[in-house]
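Hi,

Here is the model I promised to pass on.

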Amino acid sequence: MRPSSTPFASAPPTVRPFSSSGPVAGSESSNFRPTPPGAPSTLTPFSAVGPSPPSRFIDPSVPSPSVKSVPPSGVPYQRFPTPPFPSAAQTPPNRAPPVGQPPFQPPASHVSVPPPSFRPQTQVPPVPMGSLPQNANFPEPPSDPSLSGPRPNFQPPFPGYPSKQPAVSQAPSPFSAQQGSFMAPPAPPSPFPIQQVSYGPPPPVANNLGYQSRDQMQHPGSAPPIGGVQSLTEDFSSLSVASMPGSIEPGLDYRTLPRPLDGDEVPSSFLEMYPMNCDPRYLRLSTSAIPNSQSLVSRWHLPLGAVVCPLAEAPEGEEVPVINFASTGIIRCRRCRTYVNPYVTFTDAGRKWRCNICSLLNDVPGEYFANLDATGRRVDLDQRPELIKGSVEFVASTEYMVRPPMPPLYFFLIDVSISAVRSGMIGVVAQTIRSCLDELPGFPRTQIGFITYDSTIHFYNMKSSLTQPQMMVVSDLDDIFVPLPDDLLVNLSESRNVVETFLDSLPSMFQDNVNVESAFGSALKAAFLVMSQLGGKLLIFQNSLPSLGVGRLKLRGDDLRVYGTDKEHILRIPEDPFYKQMAADLTKYQIGVNVYAFSDKYTDIASLGTLAKYTGGQVYYYPSFQSDIHGEKLRHELARDLTRETAWEAVMRIRCGKGIRFSSYHGNFMLRSTDLLALPAVDCDKAYAMQLSLEETLLTTQTVYFQVALLYTASCGERRIRVHTAAAPVVTDLGEMYRQADTGAIVSLFCRLAIEKTLTSKLEDARNSLQLRIVKALREYRNLYAVQHRLGARLIYPESLKFLCLYGLALSKSVPLKGGYADAQLDERCAAGFTMMALPVKKLLKLLYPSLTRIDEYLLKPSAPADDFKNIMKRLPLVAESLDSRGLYIYDDGFRFVIWFGRMLSPDIAKNLLGPDFAAELSRVSLTEQDNEMSRRLMKILKKLRESDPSYYQLPYLVRQDGWYHWLCRLDNANTPTSPAKLMIYRSSLLNVVNSSAPADESSPGVKTTTGKKGFARLGLLSMVVASISCLDVGQRQKTLKTGSA
Amino acid sequence: MAWDLIFWVLCFFINIALLASSFYQLLSLSDLEADHLNPFEAATRINSIVLPEFLLQGFFCLSFLLTWHWFMFISTLPITVYHLMLYSNRKHLLDVTEIFRDLNTEKKYRFVKLAVYLLLFTVVLFRLLSASIFFFFAWKFEELDIRTSLFY
């Protein structure tokens, strides 16, 4: 923090309101900068009159745009409703406004003061306060940390919502009456107490946000009451009345239920309050309001923690700056080892700095010294990215190395038994590796090596002096040794020719192999021996169950009888301790394992995946791999695995302020010590979750800081430390915690917790505990407000958690957790579990709630410019009504595409897309580009979709409507008819359709379309029903209990 | 008489060994917690002495049964049964990959074991003393004959 007297951005503004905020908020508010000249003019309207219509509500600190937009012809403005935020947020939190600022300033600076704003004791002069509550619609704009108040002003002119206009324009009138008196006193208007809420008439404000409009257009009149993305911290009335679906009676219109059609919505208030925080793509807290006491934590029934994706891909222009403190050494706190970050404060004329995490006063090294200006900021602030940016990367000196930085190293362990040969896997792998040789990171130093195995282990000597690789066969599996320990792992650039020759000949070398055995364990040990000197990345291509040598696995299979018993979970944990031990050894020697499994039979992914789990790797599973069908997927995913930027021999630690502590960690890694994650190879597609616990019963600080530090070796051979810093306010109010919640992070944590739970107990238990926690949380929230609002049989939930139930249900219907024996194959379940344990938030949410888009209209349009791609791709809710039998749809969950052909889709389209065999059974048709415009366009769409999510390759699966219904109904019967989870059945049916390679019973016309339709319509009923009913149930039970006891 | 003494001396040493092993495991775990030891080393250290301890404890318990020391047998039985249970479930060894997750329960388990061993130790010590007193001073008792001196 800056010295307390200097709200470092807000103080200067007293003189020159806007220019000074440049360096701080500059990056974010740049789109806003052009307006400053207008600023001074606004002073007058504000202090004096405060009159003209809604514009007043725009945050005073950004007066110029507001003034200009005064006539609510705000159409040009609606597309950037956010600009006010960054500049308002320029003030660091919890700073008292300096005295003597222009009258409009204090509110502005105070707006971003989160913690005080919710404390009941206020310094607000009572006079203005008293009249305030009347302005129902805008009770809080100034107090609202996210400054969401202003947004409504932009809204009225939005073309699609003429009806909303009156509501908005009415609202201002009471407010404007007191505007003057309200704004004039420099007192912080922040604490408009929570009670106001109850005055709020159901403001239409909350659901007329422009973003949502396209969804609503899709369902005119259905207008899902989704509040604005950023208006999470809206006043309660809008929460409890307007944006609540309110009563969810059995016959409720499902369309009013909120659906995450915009994908992942990152709550922005976090960033607005603390503009110097790292971007949420790196670190997301499950609630950005940290509870101050144990009792609050116990009433927050959701997981409290963070999801960290340290190497998330940054968009162009936002890369993390690399800083080299060559001579100074990296500046860190002496005591808690925190890295210097934007929240440290410099004191004593710049000679000392105070650590924001442990508040120890440290000396500033001579080379790092800079004078402070009058406001206490360092004069060289703008040349020091580490003092203004939440994410930076330091170049580490030799003291951060235990050995010279390792070269990037790729080692391949390839199964060449008969099943691997037959599936064509070897050919695809060899080709892909060969084509990626040029793009492997760390060019001159990259090392590479290969081992193949069936019942024996084959080593390859690839010394650069050879012209051809030499193969050495070791058949003694019990006592593995490495022949020629030096030449098995070679420098790629030196031995390039040998490696290429090897890869070219690999497929043909084994094409006549008839060996069915797989000595996987011994081969793994051999690879370990070869790699243990350096570490690196080990890619395992396994095509059958390990059957020989150490680590051989039994066909323990997927036993129906085991499900539902206490032994169920044993199927999901490694059978042989060899795998855990091996995983531990691999991590110890900095070897990261990625497992590629291909078998059509049981391969015990639970055991194999353990290797990836504890070494920070990943499991790729291609059931029944056939090179002509799945080849493209493997090619793409392997290529990405090989070429994406990888951090080697990394360790990660997350520090946080005094009084709180990270107590448990969840994801694919191994803990090196209580809080140190060992990550032998980590990349942008991996995220890690952790849970917080309070150590002290009461936190006294106003703000808590988090710092993620990832120490790694970059592919270029430099040792680096990537540091992400974030701050979050400490609150005393449970409601505030709920309002600042981040559904994405919560779901991600839930997902990991539930999957971990399946390893120790039944699937049923894992789902139940997940459900129970969601219900408890919603009940707690309900108890907060139910009394004063007389909500009756309604479900209420905070705006920020509107999708929680949906995602919760989606989660319990996801592959690792769903159903029982029949619903997913064991291997598939385990593989999905390993994958979901590592997925970043965004991808997880997309997997849980995939996107559905209709494309036939676009395909038919005579000519469409390329740039309106975004418009075409509007997501539809996953309900029956979205699917028109005349349409063509793409369903995309990030891992696969399902292309759905309506029954009445014009045959031309099908013919154009599928070529001559369009009438054939779709599961046997593969989608290839045909020589016509329509097909090319479809391919272009698929390509674009893939580009937007490159971590996995989405194979298109074709499905025709009838088969669809059939499947659907079968599932419908399988589940109890009253199951509220229709939506998810819809989803899982999709996946099941996909997975069934042979829908043999397709021909049986047992299911009439009508029943199908019916079942389909019921899909609309959403998850929320479950939760709400159970909420009510509990409430009732409590009531009956009470009466009983009375 | 001499056999009794020898038996209790043996028990005494066995008990000390058990105590030491428990203590050592506990120490390794707290070292691990304080980051003075990495999980690999801690797990190897502890796992290497788990089985010997189990065997020793089993022998300890069995010897009481064979020598007809009912009370001692009953008091050592719970631990033996617990050990058997752990072993049959293959949970007796520390899982190095999840060591931090299990750290607290493992520590608690070893604390309890340490306490039980300490209790046993006091009993064994007492029995050892009484046996040795009986052995070394038996002739005095014969001469004095406590019963007679009590009554007269």
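Which residue of chain B forms a salt bridge with A:Lys580? The partner is B:Asp95, and the closest N and O atoms of the pair are 2.4 Å apart. By salt bridge I mean a side-chain nitrogen of Lys or Arg within 4 Å of a carboxyl oxygen of Asp or Glu.

Some housekeeping before the rest. This is a predicted model, where local features need pLDDT of at least 70 and side-chain atom pairs count only at pLDDT 80 or more, while totals for chains, interfaces and linings use all residues. Residues are numbered from 1 along each chain as its sequence is written, chains are lettered from A and ligands numbered from 1 in the order in which they are written, and side-chain values use heavy atoms, with hydrogens and water left out.

Back to the interface. Between chain A and chain B the count is two salt bridges, and the rule also finds five residue pairs in polar contact there, with both residues at pLDDT 80 or more. (A polar contact is a pair of N or O atoms within 3.5 Å; within protein, one must be able to donate a hydrogen and the other to accept it, and residues adjacent in sequence count only if both atoms are side-chain atoms.) On the chain A side, the elements giving two or more residues are helix 21 (577-588), helix 22 (605-614), strand 18 (660-666) and strand 19 (670-673). Helices here are DSSP runs of H or I with at least four residues, strands are runs of E with at least two, and both are numbered from the N terminus.

Chain A puts 15 residues into the contact and chain B puts in 10 residues, contact meaning heavy atoms within 4.5 Å. About 1200 Å² is buried between the two chains, with carbon and sulfur atoms giving 63%. That area is the accessible area (1.4 Å probe) lost when two parts are put together, summed over both. In chain A, A:Met670, A:Arg672 and A:Thr674 lose the most area to chain B, together 34% of what that side buries.

Now the sheets, where two strands pair if DSSP finds at least two bridges between them. One is an open, antiparallel sheet of four strands in chain A, in the order 1-3-21-18. Its edges are strand 1 (283-285) and strand 18 of chain A, each pairing on one side only. Strand 1 and strand 3 (residues 305-308) of chain A are antiparallel over three bridges, and A:Arg284 has A:Val307 in strand 3 as its bridge partner.

The other is an open sheet of four strands in chain A, order 24-25-26-27, with mixed pairing. Strand 24 (851-854) and strand 27 (955-960) of chain A are at the edges with a single partner strand each, so one side of each has no neighbour in the sheet.

Finally, a search of the whole structure finds 49 salt bridges over all chains. One of them joins A:Asp363 and A:Lys352, with closest N and O atoms 3.1 Å apart. A:Asp363 sits in strand 7 (residues 361-363) and A:Lys352 in strand 6 (residues 352-354) of chain A, 11 residues apart.

Cheers
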